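Please examine the protein chain shown below.

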Amino acid sequence: MTEIAYHDVLGIGFGPANIALAIGLEELWPDADVHFLDRSSSTAWQGGMLLPGADVQHYAMRDLVTPRNPRSKYSFLNFLHAKGRLYAHTNLGVPFPLRSEYAEYVQWVAEHFEDRLSTGTAVTGLSLVPGTDRPWIEAVTESGNVVRARALVLGPGRSPHIPEPFAGLRGPDVIHSTDYLGLRERLDESSRVAVIGGSQSAVEIVLDLHRRRTEVLAVTRTYGYRQKDTSPFDEEVFHPEFTDYFFDRTPEQRNALLQELKHTNYSAADADVLRDLYLALYEDRLRGTNTVTHCPGHLVADAERIDGGIRLTLRERYTGETSTHVVDAVVLATGFRDLGPGRHQEQLPPLLTGMSGALALDADGVVSVSRDYKVATAREDGPVVFLNGLCESSHGLGDAGSFGQVALRVEHIISGLQRELTAGRAAPARTNADQQECLAFIESNLTGTGMQALRLARRAGFRVVFLTSDLGAYTADPEGARAIAECVDEVVDCVTIDPDAVEQQLKELRRPVSGVMTVGEYYVAIATEVAARFGVAGLDPSAAVVARDKLRTREACAAAGIAVPEFGFASNAAEAEATLERTGLPCVVKPVDESASVGVSLCRTREEVLARVEELAGSQRNSRGQRHRPGGLIEQYLIGHEVSVETMTHAGRHRVLGVTDKQLGPLPSFVETGHTFPSALPTATTDAVARTALGALDAIGFDFGVAHTELKVTASGPVLVEINARTPGDRIPSLIEHATGVNILEQYVAMHTGRVPEVMPTQHGAAAIRFVTGEDGVIRSVHGLETARQIPGVVEVALRRGPGDHTHRPRNSHERLGHVIAVGDSPAEASARADAALQHIAVTYYSPEQEMP
C-alpha cells in the first residue's frame with residue numbers, strides 16, 4: 001500500500017525562490033506545516049555556471065531575506081560573519097559578490113531547512129483529490145511516493161527555452177547553458193563548440209572556452225553582444241513599486257514594457273565581461289591565433305546530428321546568405337520561457353497540466369495569476385496554488401530572472417496562504433476560553449472604526465479582552481453597546497492611562513496574550529508600551545510617544561529636514577510673544593496631545609493667542625485625564641489644500657495605501673467635514689505628499705502599523721501637519737475598502753497578532769464621505785434621508801442624532817451629526833454623489849427656550 005504524507009503547504013522546487021519562502025515561513029508563520037520537494041540531489045545553486053571570477057549581477061543585500069527583514073540570521077551579511085570572511089569581503093572593492101560565494105551562501109541557508117526538504121525527489125504529476133472544503137493537491141514522485149497538501153507553492157524555476165531547430169536534439173552534446181560545466185568536463189583539445197545567444201551566460205561561456213583554447217562558433221541574432229542597460233533609473237524596474245505599477249497595466253502595456261526594458265536583464269551582458277572578451281579576441285588578432293568565430297546577425301535555420309557532430313545551417317538576417325558549420329557540441333544560452341500565449345512562452349507551468357481543468361485560464365489558455373501570486377481557479381472552492389518565481393510576464397522584470405523581489409515576494413505568498421488556509425474556519429467557541437489566545441484592546445473610539453476592530457478580532461477567533469476605565473461611555477452609544485455585547489468576551493475595569501495597571505490586569509487573565517492594541521488615539525503610547533512588555537507585535541514605544549506629542553513630532557521632523565510650519569511651545573505670555581515673532585499672524589494654537597480637532601483654534605490677533613495660551617496653561621490633563629505639559633503649541637497658519645497619507649508599515653517597510661483629500665468646516669475651528677479617497681490631485685503632487693509623509697515616519701522611527709499622516713499642500717510644497725500612529729478615523733478605512741477592496745482595519749488587527757498584512761488592491765475606484773453638521777439648538781425634524789439613499793452610488797447614510805437632541809455648531813469631530821458615503825469610478829464622481837446626498841438632508845431646529853411645537 002502506498003504511504004501518503006499530508007501537509008498544509010507543499011513547495012515544489014528548492015531554489016532561491018522557495019528557500020526565501022522557507023525563511024519567511026519560519027519567521028512569519030512558524031506553526032505552518034510545510035514540506036519541500038526538489039528533483040536535484042543537492043541544493044547547489046547555478047551549479048552549471050559557477051565559472052571562475054563570475055559575479056551575480058545584483059547587489060549583495062538583495063539576498064534571500066534582507067529587503068524583507070534586515071535583522072534575519074539568514075542574510076548574506078550574517079553568512080559572511082559566520083564564515084569569518086566579513087572583513088575580507090569588504091576589501092574586494094567589487095559592486096557584486098562572486099557567483100561561487102553567493103552559491104555557497106544559498107546552500108548555507110538551504111542547509112538550515114533539511115528537516116523539511118526531500119532532495120532527489122522529482123515530481124512526475126499533480127492532480128486533485130476531493131477534500132472537506134477544498135481539494136487536496138496530490139503530488140506523485142518518480143519513486144511512486146505520494147504527498148498531499150492543502151496548498152501548493154510551485155517554484156521549480158522556469159523552463160529553458162530551446163529554439164525550434166534544436167527541439168529534438170537535446171542531449172549530452174546539445175545542452176542548455178545551465179548545464180555548461182557538465183559539458184565542459186567532456187570536451188577535449190580538439191572540440192568545436194557552438195554557443196548560441198547574446199546573453200550574459202553566452203558571453204561568459206565564450207570567454208571561458210576561449211581561455212581553454214577551445215574552438216568556438218559564437219552565433220548572435222544581433223549585430224554584436226549588447227551591453228546591459230545599467231542606468232540607475234532603469235534599475236528601478238527591480239524595485240517593489242515597479243511591480244505594483246507593472247501588475248496594474250493591461251497585457252498589451254505589460255508586453256510593451258517588457259520589450260522596452262528587456263536589456264536591463266536579457267539578451268545583453270555586463271560591461272566587464274564584454275570588455276574582457278573583446279580584449280581577448282583583439283589579442284588573438286595580434287597573435288594570429290583566432291579560436292573564436294563570431295557570426296553576428298545570424299539565425300540558426302537548421303540543425304541536425306550527423307556522423308562526426310552537429311551540422312548547423314546559419315542564415316544572415318539581412319542578406320539571407322546561408323553557411324554551414326559542423327561542431328562537436330552546442331550550448332544554448334537562449335534564456336527561459338515565461339508564461340503567455342507567445343511562440344516562446346508557456347500557457348502554464350508544465351507540472352500544472354494535470355489539474356488545468358480546475359484553473360481559470362484566459363481566452364488564450366494562459367493561467368491567470370493575482371497580485372499575491374495565487375493562481376486563479378475556475379471555482380471559488382478550487383485548489384490553492386501559488387507561483388513563486390514564475391511570473392515575470394504578469395509581475396515584471398523583478399520577478400523570475402532576478403533576486404530583486406525574491407525576499408519581498410514571499411510576504412505576499414505567505415499572507416495569501418494564511419488567508420486561504422484559515423478562511424472559513426469557525427471561531428473557537430466561548431466555552432473554550434481557557435485555550436483561546438487573547439487579543440487585548442485598550443479603550444477604543446466610537447466613530448465606527450473601534451467597534452469594527454472588535455468584530456474583526458472576534459471573527460478571527462480570538463478571545464477579545466476590552467480594558468476600559470469607563471464602560472458607560474461605550475454602552476451609552478447603541479452601536480457601541482451592541483459591539484461590546486456581541487464581540488467582547490471579557491471587560492476589564494482598569495486605569496487605562498497607567499501601563500503598569502494594564503500590564504498587571506493582563507497578567508491576571510492567566511491566558512496567552514497574542515496582541516495588545518488600540519484604535520484610540522489617546523492610548524497608542526500605552527498600548528505599544530504594554531505590547532513591548534509582553535513581547536508581542538507593536539510599534540516601537542518611543543516612536544508612539546513622539547507621535548502622540550505634536551511638539552516632539554515637529555522637533556524630530558524639523559531636525560530631519562522635513563517641511564514643518566514655524567512653531568513653538570508657550571506656557572506663558574512671554575513665550576507666546578517670542579513664538580509669534582516666528583509664526584506671525586494669523587496662527588494656530590492647539591494642545592500637544594488631543595485628537596479630532598479638540599482644542600484647535602485659529603487665532604487672528606495677539607490677544608486671542610495670549611488668551612488661548614493662558615487657557616491651555618491652566619490645564620494639567622487632556623480630555624482623557626492623561627497628564628500633559630501645561631501650555632499650547634503655536635504654529636504658523638498654513639494656506640493650502642489639506643490631505644492625509646494612509647500608510648501601513650511592516651518589517652520596517654512602508655507601504656502607501658493612498659492619499660485622501662480633506663474638506664474643512666468654517667474657521668476658527670478645524671473640523672473635518674468630508675474626505676475623498678483617493679485624492680483627485682495630480683500624481684506628481686500626491687507623490688510629493690507621500691514622500692514627505694514617509695520621511696516624517698522615518699524621522700520619528702515609525703516601524704510598525706498603520707499611520708494617518710496629515711499635511712497641507714502649500715505654494716512651496718507639502719508641509720507636515722501631524723502624524724497619527726493609528727488607523728485613520730472618520731470612516732476613512734471604509735472609503736479605502738470601497739475604493740480598493742482592502743480592509744486595512746482587518747490587516748491592522750492581523751498585524752497585531754503576528755500575521756503578515758495583505759494590502760494589494762483588488763479593485764480601483766473611489767469613495768467619498770460627507771458629514772452632516774448641526775447648529776446651536778434642539779433638533780425639530782430631519783428630512784431627506786431616504787432620498788439621499790436613492791442617489792446612485794450612495795452606500796451609507798447615517799444620522800446619530802434626532803428630534804429632541806441638543807446640538808452645537810461643531811467645534812470638534814465628535815459634535816457632527818452623521819454622514820453619507822458614496823462610491824464612484826473616480827474621485828470626482830464619488831465626491832459629486834456624496835455632495836448631492838448631503839444636499840438632500842435637511843435638519844431643522846428650535847431654540848432651547850422654545851417648546852417644540
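The paragraphs that follow begin with the origin of the model and its overall make-up.

The model is predicted, so local features need pLDDT of at least 70 and side-chain atom pairs count only at pLDDT 80 or more, while totals for chains, interfaces and linings use all residues. Residues are numbered from 1 along each chain as its sequence is written, and side-chain values use heavy atoms, with hydrogens and water left out.

The protein chain holds 25 helices and 34 strands; these are DSSP runs numbered from the N terminus, helices being H or I with at least four residues and strands E with at least two. Its C-alpha atoms fill a box of roughly 110 × 70 × 55 Å along the principal axes. Of the 853 residues, 54% are buried, where buried means under 20% relative accessible area, exposed over 50%, and partly exposed in between (1.4 Å probe, protein chains only). Among contacts (heavy atoms within 4.5 Å) between residues at least 6 apart in sequence, 69% join residues at least 24 apart.

Helix H4 (residues 99–110) has 12 residues. Because 9 of the 12 residues are buried, H4 is largely enclosed by the rest of the structure. Among these buried residues are Arg99, Glu101, Tyr102 and Trp108. Their cover includes helix H1 (16–28), helix H2 (76–83), helix H3 (86–90) and helix H6 (200–211).

Helix H20 (residues 606–617) also has 12 residues, and reaches 16 Å from its first C-alpha to its last, close to the 16 Å expected at 1.5 Å a residue; the expected span is 1.5 Å times one less than the number of residues. Val609, Leu610, Arg612, Val613 and Leu616 are buried in H20. They lie on the same side of H20 because they cover an arc of only 165° around the axis, the arc being that of the directions from the helix axis to the C-beta atoms. Glu607, Glu614 and Glu615 are exposed on the other side of H20. The partners packed against the buried residues of H20 include helix H19 (573–583) and strand S23 (632–636).

Alanine 767 belongs to strand S29 (residues 766–772) and is buried, with a relative accessible area of 0%. Beyond its neighbours within four places in sequence, alanine 767 contacts residues including His675, Phe677, Leu735 and Ala830.

Charged pairs come next. Side chains of opposite charge can pair when their charged atoms come close. A search of the whole structure finds 53 salt bridges, each a side-chain nitrogen of Lys or Arg within 4 Å of a carboxyl oxygen of Asp or Glu. In one of them, glutamate 101 pairs with arginine 85, with the closest N and O atoms 2.8 Å apart. This pair links distant parts of the chain, glutamate 101 in helix H4 and arginine 85 in the loop between H2 and H3, 16 residues apart. Glutamate 101 is buried at 10% relative accessible area, whereas arginine 85 is partly exposed at 25%. Glutamate 786 forms a salt bridge with arginine 789, their closest N and O atoms being 2.6 Å apart. These two are separated by about one helical turn because they stand 3 residues apart in helix H24 (residues 785–789). Asp500, Glu503, Lys507, Glu529 and Arg533 are linked in a network of salt bridges.
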